[in-house]
Amino acid sequence: MVVNRTVHAGDIVLDAGAGTGSTGILAAQKTGSSGSVTFFDLSHEMLAAAKKKIAKEHPDAPTSFETGDMCQLPFPDNHFDVALSTYSLCPLYDPAKAALEMYRVVKPGGRVGIAHSTDPTSPAIKWLADRVEDIAWKIPSISMGCRSVDVAPALEQAGGKIVLHTMIGIPLWPFKILIVEKPGG
Ligand SMILES: C[S@@+](CC[C@H](N)C(=O)[O-])C[C@H]1O[C@@H](n2cnc3c(N)ncnc32)[C@H](O)[C@@H]1O
């Protein structure tokens, strides 16, 4: 949904916290050869896996790979048409800072597309989710390492126009999809 609602043919796209590239690869399919996708992640190993996958599935897609911290993106202002983050804001020490960095590097008229963990809306289900989470964090092999975050207020304060703000997933583990446009362009 995040890719479908943000990426068009010919777009220059950033996949921030790209991991093994699932989202960036979908984006590369939509941009086609006239666009490009930059896969960005803190982990060399994750990017090596993404590189392998794209070489196998879309060897001709224009791509680049860069390592770094998405709380301090090494790209100029207004550089990309689209910046994406799927489940990569949740583990960060400052998720709002990273979301604002994504907003900074998109051009006026560009889009930021985010999927992240959020809290269950029902207090009873949230109580249950918190108890499950307490246990899961003690057993790393079953933990998704993905805590609830909320970056919409920071993006709105920066001037972003929220065009989609919806929940997906199951009541115990909901996720939020957030699409924000940068005015102008
Ligand atoms: C749950 S994975 C999501 C990967 C991918 N976006 C997906 O949807 O499959 C989170 C990714 O964020 C990366 N990450 C964590 N902290 C980061 C940071 N400060 N800057 C950039 N990437 C980071 C991790 O290395 C990991 O690949």
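A residue counts as buried if 20 or more other C-beta atoms lie within 10 Å of its own, as exposed if 12 or fewer do, and as partly exposed in between, with C-beta atoms placed from the backbone.

Two notes before we go on. This is a predicted model, where local features need pLDDT of at least 70 and side-chain atom pairs count only at pLDDT 80 or more, while totals for chains, interfaces and linings use all residues. Residues are numbered from 1 along each chain as its sequence is written.

Now the fold. The protein chain has 6 helices and 7 strands, in the order α-β-α-β-α-β-β-α-β-α-α-β-β along the sequence. Here helices (H or I, at least four residues) and strands (E, at least two) are DSSP runs, numbered from the N terminus. The C-alpha trace spans about 50 × 35 × 25 Å along its principal axes.

Let's pick one residue. Glu 45 sits in helix H3, residues 44-57. Is Glu 45 buried or exposed? It counts as exposed, because it has 9 C-beta neighbours inside 10 Å. Its C-alpha atom is separated by 17 Å from that of Pro 91, which is 46 residues apart from Glu 45 along the chain.

Last, the ligand. How many residues surround the ligand? There are 17, and the closest are Gly 17, Gly 19, Met 70, Thr 86 and Ser 88. To be near, a residue needs its C-beta atom, placed from the backbone, within 6 Å of the molecule.
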